[in-house]
Amino acid sequence: QSQLSAPMTWMINITRNQAIDQLRKRRERPLSDLDAQMLVDDSPSAHEQLNSSRETTSLNRCLDELEGMQRQSITIAYFEGLSCSELAEHLSAPLGSVKSWIRRGMER
C-alpha cells in the first residue's frame, strides 16, 4: 500500500499528460488568426504596474501635503472631471476661490 502514489499526484500526472497531448495536437495544425489573437495579453506588464504604483504613491504624498479645500478641489476636478464653474457650484463656493484653490494646490 505504501508504494501507491497519493491521489493528488495521480491527478496531477493525468492533467499534465492531457495538457501535453493538447499541445501536441495544436502543433500539428497551423495557428489561425483567432488563436493568435487569443494569445495576446493586453494586461499591464510588471514594469507598468510598478510605475503605476509609484505614481499613485507620489500622487497620494502630494495630495496629503495640500490643505483641505485645495486637496478637495483638485481631487474632485480631476476624478469627476468637473470644470471650475461646475466645481464652484458643487462646493457652493465662489468661482474665484475655487480657481485659487486649484492654482495654489497645483503650484504646491
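## A tour from the surface patch to the pocket

Select Met8, Trp10, Met11, Ile12 and Ile14: together they form a nonpolar surface patch with about 530 Å² of accessible area. Patch members have over 30% relative accessible area and no salt bridge; nonpolar side chains (Val, Leu, Ile, Met, Phe, Trp, Tyr) are joined within 5 Å, like charges within 9 Å. A salt bridge puts a side-chain nitrogen of Lys or Arg within 4 Å of a carboxyl oxygen of Asp or Glu. Areas are Shrake-Rupley values with a 1.4 Å probe, and for residues only the protein chains shown count as cover.

This is a predicted model: local features need pLDDT of at least 70, side-chain atom pairs count only at pLDDT 80 or more, and totals for chains, interfaces and linings use all residues. Numbering starts from 1 along each chain as its sequence is written, and side-chain values use heavy atoms, without hydrogens and water.

Stay on Met8. Met8 sits in helix 1 (residues 7–28). At 52% relative accessible area, Met8 is exposed (exposed is over 50%, buried under 20%, partly exposed in between; 1.4 Å probe, protein chains only).

Now colour by secondary structure. The chain has six helices and zero strands, in the order α-α-α-α-α-α. Helices (H or I, at least four residues) and strands (E, at least two) are DSSP runs numbered from the N terminus. Of the 108 residues, 15% count as buried.

Next, the largest pocket. Its space is about 240 Å³. On a 1 Å grid over the protein atoms alone, a pocket is an open set of points with protein on both sides within 12 Å along at least five of seven lines; lining residues have an atom within 4 Å of a point. Volume is the space filled by probe spheres set on the points, which are joined across faces, edges and corners.

Select helix 3 (46–64), helix 4 (68–80) and helix 6 (95–107): each supplies at least two lining residues. Helix 4 gives the most, with four. Among the lining residues are Leu59, Cys62, Tyr78, Phe79 and Met106.

Zoom in on Cys62, in helix 3. Cys62 is partly exposed, at 48% relative accessible area. Draw a line from Cys62 to Met106: the C-alpha atoms are 9.6 Å apart, across 44 residues of chain.

Finish at Ser92, in the loop between helix 5 (84–91) and helix 6. Phi of Ser92 is near 55 degrees, a positive value in a non-glycine residue. Ser92 is exposed, at 69% relative accessibility.

Terms used
On a 1 Å grid over the protein atoms alone, a cavity is a set of points where a 1.4 Å probe fits but cannot get out, and a pocket is an open set with protein on both sides within 12 Å along at least five of seven lines; lining residues have an atom within 4 Å of a point.
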